[in-house]
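Here are my notes for a colleague who is meeting this entry for the first time. Please read them with the sequence and the coordinates open beside you.

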Amino acid sequence: MIEQLTLQQRKLAYLIGIVLLMLPVILFGIPATGEEGSGGKLARLRQEHDLGESTLGKVDPTSATMNLVLLGMRGVAVNLLRMQLDEEKDQKQWAQMRATTESVILLQPHYIQVWRYLGWNLAYNVSAEWDAVEDRYFWVKEGTKFLMQGSERNNRDPEVYWDTGNTLGKKIGRSDEWKHFRKFFKVDPDTERYKGGPDSEINQAGNDNYLVAKDWFQKANDADEKRAQHIMMDVLFRSYPARSQLDYADALHREGQFDETARKAWDGAYHDWVEVFGQMRFQTGDCEIFLEMPAFENAMDQTMAASGVTRDKLEREINLYQNVSNYRYWRAKSHAEKHVNTAAVHRDLYEGEQLFKVNELDAAQESLESGLKGYKVLLDSYKDLTVDDSAIEEGLWAIMIWQKIYQLRNQVQPPEEEIPLRSLWDKEIHRVPNLQQDFNRKYGPS
Amino acid sequence: MTFDRDPFALLTGLRDWLLVFGGFVGIIFSATILVALGIYGTSGPVAVMSRVWQGLHDFTHLSPKRIWAISRLTILEAWRRKALWVFAVFAFLMMFAGWFLDSELRVDMQVKNAVSFALTTVLWLTIPVLLLLSCWGIPEDIRVRSLHTVVTKPVRRNEIVMGRILGFSAVSATIVAIMGVVGYVWVLRQVPEDHQPRLSGWNRLCLAVGLLPNISIEADPKNDLPAIDVSAKKFCRMPVYGTLEFVDREGAIATKGINTGDIWEFRSYIEGGTKASARYKFAVNDPVDQLKLESRFEAFRTHKGRIGQSLLVRYVLVNPTKSLRVPLPSFEIKEFSLNEQFINREVSYYDEDLKDTRTVDLFKDLVYFDEDEKLKRNVLQIEVQCLDSGQYLGMARTDFFIRLPDRSFLMGYFKAVFGIWLLTVFIVSIGVTASTFVKGPVATMLTFSVLIVGQGFRDFMIKLVTGEQKGGGPIESWYRLVTHMNDTLALPDTVGVQIMQGIDKVLLSGLWLTQHLIPDLSSFVMSPYVANGFDVPWGMAMFRSLAMTIGYLIPCVLIGYYSLTLRELEAK
Amino acid sequence: MKLLLGLLFPTEGEITILGKPASDVSKNEWIGYLPEESYLYRFLNAEETLDFYGRLFDMSPQQRKERSNQLIELVGLQNARKRQLKEYSKGMTRRIGLAQALINNPDLILLDEPTSGLDPLGSRDMKDLIVKLKNEGKTVVMCSHLLADVQDVCDRIAILYAGELKELGRVEDLLKEQNETELLTSKLSPAAVADVEAALAKHNAKLIRHGHPTNSLEDLFLKTVQKSQERPGQRYVPTASEKS
């Protein structure tokens, strides 16, 4: 039959055939517009089962193209790039290494461990290679930005969010250079470029690094609701936004800020810790608990009734979770610190040390004694504080300064009974030798 | 990156080349004579001699016009066969390259990435095109018999080989030049420009395209504007390197400093706060008013030290003949950046012995004649010391140099482009020669192998040949692989092992020959100089590459000529 | 022919051409060669082709231009001079091939199958060109398996079979029938024919047929090959009986 048709007719027949075949293809394959239930059958199925790349996070067209162009050679290419990266790192070719990092990630945009490893590499390993603090900070920023980018491409994954928060919080707030880093976070050292403000890419509003970190931890928790993280116990992972607020408040004290801002920070920290984190539900082996549960008798009863565990076992479970997250200490600490007079105690101790540094011995002694008196009251009212290293050491440190002042003025060691806060001193005397070493390094031997 | 290459000694190179070339020609000639004698009796050598005579005749009666005719044909062929589509790929890469490059980095690092990217792209796009063109040209001519029409004209076979090489070189010159210019413009666009309002339009353009490394603007007292020095963000430094020896913490001379555990053994470290120092000696000829010193030392800390302050470094100018030691003011180093210091002709310093400030003349008092075997000339000796105790300062010979006035970026960049072209000429020579005696695919493989080995595997080959690489030759390493035998274990002393090692020795000597025949092609790649902000040195890089290209071109033409002459073109 | 040009090497013996050995390139100055097939650069056009080959003879630009124009006209490709050779028909390709062979105004022209694959008209044109060249005093050596064409244009032929020379001579000598005599006259009336017959009868001869001669090169070739097969390795010489 075909043979009897003219060329024109045959062409027409083919065309109709093509169109007919296209119809199902089009029906099945219409791409989704992004709205729920839009697109063809395939797009809907993809959405239903979370199979599209776009469900993993923002899709980078370059990356998608690269992977397409490489056909099946992606693994080989990544291997080569990783070897190159290591070599460039060994030879301290930082610029090239940064570029290679970018290429690796183009090929593996959804491989979480690659993001985490390379982000850490930039923020920790590379930054440590540089001598100038400004340069170190630059590479911490690079690492952070890299992780931010990673979380954008994998916005369902809680772990990269957590890493971003952790770098912003711990690397900036806790490394040896923390004093510089925290300042740089608000006023970038590249003043020419950022006009005396922060690097807006990581700190749009010019906030404290811990508060920015808190936002990222919160994002991690939100993502964790949908897809569980695999890096630590849930109770720890979920505590990070509140911990970040605690760290913020603590950092203000470390920097000698005892004003209303600091108090408010502690107030917020108490709220976050007890009312938000303390109310979070965690699934133990037998039942669902929250850390603040012992304070709610009927919640305890309900849980025991629902799961059939004994009160004893339930209390043990809650206690275990509280211990893991150091819950009771931070509850006590933040509760104590949110009061104005606690801030006054810390300020007295802090100022006592500052006055001692500038050799105002009288004023220093007065300030320390007043502070230590307050500190005794504090420790007596919050028993949970007496188990924490930093709380104990703060007290011991102040006592050592006081002793030093006494010694400088009287040329003899102070008699034991005159030591303020002697109860702490006697109880924790085993910590003194180590601490004394640090003290001597800083202020000279006695 | 190391720029530490020995200066290129043309005469030694030429002598070695003549020896090798002459040696090979001699061996091949005598072998041919002997074989001919063996097979054809006395008429054999006569025939060989007549061939040689004819060859001499052909090489002395070259016609530039005919060579050019072949070259022209080659160029036309490349053009009409759409070889220049490579530009489309290049344009495509350049359009999207910005995606891969980080614009957050420090400007000099951005320049570095952009320049290496542009030059690497030019290199690796040009090479495959030229490789394929040159390896397939002659075999394709023979296959379709268009070469028959050519050789039945009064064309010498060497003219065909030379014409082909010249033609492909011209094609590559065009490709490389156009890509180079586009890449240059692209590099300029990648780097943020200085918008110094006091610059004139012309000055701004000069800075932008790298024609001038810097422009000084005089003070304007009327409007109360100070004198400024605006420098381009891209320039090429002109370093003068010295020699380096170390002094250890006890004050004894050492060739190396301390290894602080760096995997890369390029730099050696000196300990701060001790007698340890790094002693650089720079050859000095003419006095100048001011010396500009530049360094790129690395810091290694064993304790945090004072956070926020970098290591302190001090230069001491030393004249051992007068027992004169002139310490210069210390400065904080900035790692992975330029550390610039200036020394004026008149140097004032505080003399510990005189307890007073003293002034000396840099050239009269400090430059001395060094008796060292390797130097034997006037030098300026500078000792580098680290002042922080417990901290270490790392350096290599090339980390500290006297910086002459900068060259323009334009010049350096195009020297690197020229280097790429030279490499393509080299590849074309090898490719065309190979294609005179084997077919296209084989020639391509052969040339590609030379390229890959010359680019990347030389170090490994040298290690293998010198025995530095553990695990023995090919057979031994196979044996060890199969028997799961660690390369630190000694092999049993048996006859089998001796035979195995004997075979390995033969194989390795083959490798030895290969390693000596295949040149170090990495010296053609000059982009690291420019990317790191250095000028491409004429002697060390340019002449070396040029000499290498010519050195290989001559035997290539000779081999190509004889294999085309002695080949029955009709026989396939 | 390829041996003559040095494209193949003789297993033994020596070849000289125009007094020079075959391997000597300088002989090519006076030789024009048209190979059998696909021998030109297909990406060039007619003008460029001739210009290229002209350059190979070290000709000046002026000369090249003149000569190209002349030759393009000679082979009748004026209308296709700017077209690339890949668009050419077989006949046009042969003609431009011939033109390149003549670029140097050679004394000796070697043509390998000049008419193969050509249509009758093309073949006619080619043969006319060859004859024209002959008339200009050039030596044209051609080889062909189209024997009718050879017969049409050649003065002397050689027959090679199984690598050996079997026959060599002037065409008219070789094709002359020894036992017959051919007369060619103007138109004869029946009476005149009768007269001729009478005259022949007087000489004891007889008019077999009147019309055109029929013997052809093809006959000769087949006969030669047949005889060679009967006596391999020998040159075919007509026997006395055949001659008489």
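1. Basis of the notes. This is a predicted model, in which local features need pLDDT of at least 70 and side-chain atom pairs count only at pLDDT 80 or more, while totals for chains, interfaces and linings use all residues. Residues are numbered from 1 along each chain as its sequence is written, and chains are lettered from A and ligands numbered from 1 in the order in which they are written.

2. Domains of chain A. The domain assignment, which is automatic or comes from a database, gives chain A domain 1 (71-108) and domain 2 (339-443). The C-alpha centres of domain 1 and domain 2 of chain A are 53 Å apart.

3. A helix pair in chain A. Helices and strands here are DSSP runs (H or I, at least four residues, for helices; E, at least two, for strands), numbered from the N terminus. Helix α4 (residues 74-90) and helix α5 (residues 94-107) of chain A pack with their axes 9 Å apart and at an angle of about 160 degrees, where axes are lines fitted to C-alpha atoms, for helices over the stretch in contact, and angles run from 0 to 180 degrees between N-to-C directions. α4(A) and α5(A) are therefore roughly antiparallel to each other, a term used for angles over 145 degrees.

4. The hairpin in chain B. Strand β10 (residues 312-319) and strand β11 (residues 324-327) of chain B run antiparallel and are joined by four bridges; strands count as paired if DSSP finds at least two bridges between them. The two form a hairpin with four residues between them, and Ser323(B) in the turn has a positive phi of about 50 degrees. Asn319(B) stands opposite Leu324(B) in β11(B).

5. The open sheet in chain B. Three strands of chain B make an open sheet in the order β6-β18-β9, with antiparallel pairing. Its edge strands are β6 (268-271) and β9 (298-301) of chain B, each pairing on one side only. Four bridges join β6(B) to strand β18 (residues 391-395) of chain B, and Glu271(B) stands opposite Tyr392(B) in β18(B).

6. The contact of chains B and C. How many residues of chain C are in contact with chain B? There are 25, and they meet 24 residues of chain B, contact meaning that C-beta atoms, placed from the backbone, lie within 7 Å. On the side of chain C that touches chain B, α1 (2-5), β3 (31-34) and α2 (46-56) of chain C each supply at least two residues, and the largest share, four residues, comes from α2(C).

Technical notes: Contact = placed C-beta atoms within 7 Å. Parallel < 35°, antiparallel > 145°, perpendicular 65-115°, else oblique.
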